[in-house]
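Welcome to this guided tour.

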Amino acid sequence: MIKSPKISIIIPVYNGVEFLDSCIKGVFNQTFCDYEVLLINDGSTDGSLARCYDYAKIDTRVRVISSEKNRGVSSSRQIGVDMSRGEYTIHVDVDDKIEPSMLEEMYNYAKGNNLDILITDYYVNSDLYIEQSLSFSTNRDIVKSILTGKTLGSMWNKLVKTSLYKEKKVSFPKGVNYCEDVFVIISLLLHEDISIGFLKKAYYHYFINPKSITNFPNIKTINGRILFVGLLSEVLLQNNVSTDLLNWHKIDIKYSMFKTGLFPYSEFKKIFPEVFPECLIYNYSPKRKRFAVFFISINKFLWIITRCMNKYV
């Protein structure tokens, strides 16, 4: 019988060969040894798959699961969860890095405090330390903090007991490749019987990718975000949580539709009409986005000008 590891590290891989060595080096340098690595290749075309198999030859703790077709990061994360044998899971993005003591200290803290989910601080790039709030009375307080942008909703600074996914019937949503991790962590946190803890230390280095879909939205990614908001709205309503908490996401989506000029004005007007005119007073969203959404909602001429600028500038 194969012994189950204490932690499963899930690493989605899509055309990340230039980052793989650095990422895996951080994993192999861990002071904690009882883990497995799941490299989920999502139809890479740049040599990533061959490199993944190289790591599997070096270390038997590495397992490679590959798909010829690119299905998106949400599918990769779910495959990783389904294939995990560890007591806990944690996600690592291929272009990020982790501190050597991350697994050991997070696991010991979670076990020592009988936690289902452990949340830590994190770094942006090499050394910008980002604190996560510790003052929450209930799990739903954390949900509100995530939905208003005060607490990070990503999975990579969270150690999650693997059994929770099946027990609470939570999975990564198909076709949602933006904020898919936010959807999952909120779906879990809506269960008040899940024990949550915070460790005031940072181990994960999140490196901002200037080429990411966050910085360059397109029709596909914007539609994916609309789908995310729709699915999460259903979950919130089922749990008697106000969907007003999603307003800053809605404003940001409408702003992206305006900024890119990729959608007709009729689509802009039709999507999330509930944020107009309240967007002016919704302080969780940046002022420039709120005011842009407000004034373009009442003046189609500004929309036309923007489309012309995007076409010729």
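Start by selecting helix 5 and helix 7: helix 5 passes helix 7 in a left-handed crossing. Left-handed means that the near helix is turned anticlockwise from the far one by less than a right angle; clockwise would be right-handed. Helices here are DSSP runs (H or I, at least four residues), strands are E runs of at least two, and both are numbered from the N terminus.

Before you click further, a word on the model: it is predicted, local features need pLDDT of at least 70, side-chain atom pairs count only at pLDDT 80 or more, and totals for chains, interfaces and linings use all residues. Residues are numbered from 1 along each chain as its sequence is written, and side-chain values use heavy atoms, with hydrogens and water left out.

**Stop 1: helix 5 and helix 7**

Helix 7 covers residues 180-189, and its axis lies 9 Å from that of helix 5, at an angle of about 160°. Axes are lines fitted to C-alpha atoms, for helices over the stretch in contact, and angles run from 0 to 180 degrees between N-to-C directions. The two helices are therefore roughly antiparallel (over 145 degrees; under 35 is roughly parallel, 65 to 115 roughly perpendicular, the rest oblique).

Now show side chains. Helix 5 brings Asn139, Arg140, Ile142, Val143, Ile146 and Leu147 to the contact, and helix 7 brings Val182, Ile185, Ile186 and Leu189. Contact means heavy atoms within 4.5 Å. Colour these residues by type and you get 8 nonpolar, 1 polar and 1 charged. Nonpolar covers Ala, Val, Leu, Ile, Met, Phe, Trp, Tyr, Cys and Pro; Asp, Glu, Lys and Arg are charged; the others, Gly among them, are polar.

Stay in helix 5 (residues 139-147) and pick Ser145. Is Ser145 buried or exposed? Its relative accessibility is 7%, so Ser145 counts as buried (under 20% relative accessible area; exposed is over 50%, partly exposed in between, with a 1.4 Å probe and protein chains only). Setting aside residues up to four places away in sequence, Ser145 touches Phe136, Lys150 and Thr151.

**Stop 2**

Select residues 219-238 for helix 8 and 247-260 for helix 9; their axes come within 10 Å and cross at roughly 165°. That makes helix 8 roughly antiparallel to helix 9.

Next, click Leu246 in the loop between the two helices. Leu246 counts as buried because its relative accessibility is 0%. Not counting residues up to four places away in sequence, Leu246 touches Leu147, Val229, Leu232, Ser233 and Leu236. Try the distance tool too: the C-alpha atoms of Leu246 and Lys144 are 9.4 Å apart, although the two residues are 102 apart in sequence.

**Stop 3**

Move to helix 2 (residues 48-58), where Ser48, Cys52 and Tyr55 are buried. Look down the helix axis: the buried residues fall within an arc of 55°, so they line one face of helix 2. The arc is taken from the directions from the helix axis to the C-beta atoms. These residues pack against strand 1 (7-13), helix 1 (17-28), strand 2 (35-42) and strand 3 (62-67).

Finish at Phe32, in the loop between helix 1 and strand 2. Phe32 is buried, with a relative accessible area of 10%. Beyond its neighbours within four places in sequence, Phe32 is in contact with Lys6, Ile7, Leu103, Glu104 and Tyr107.
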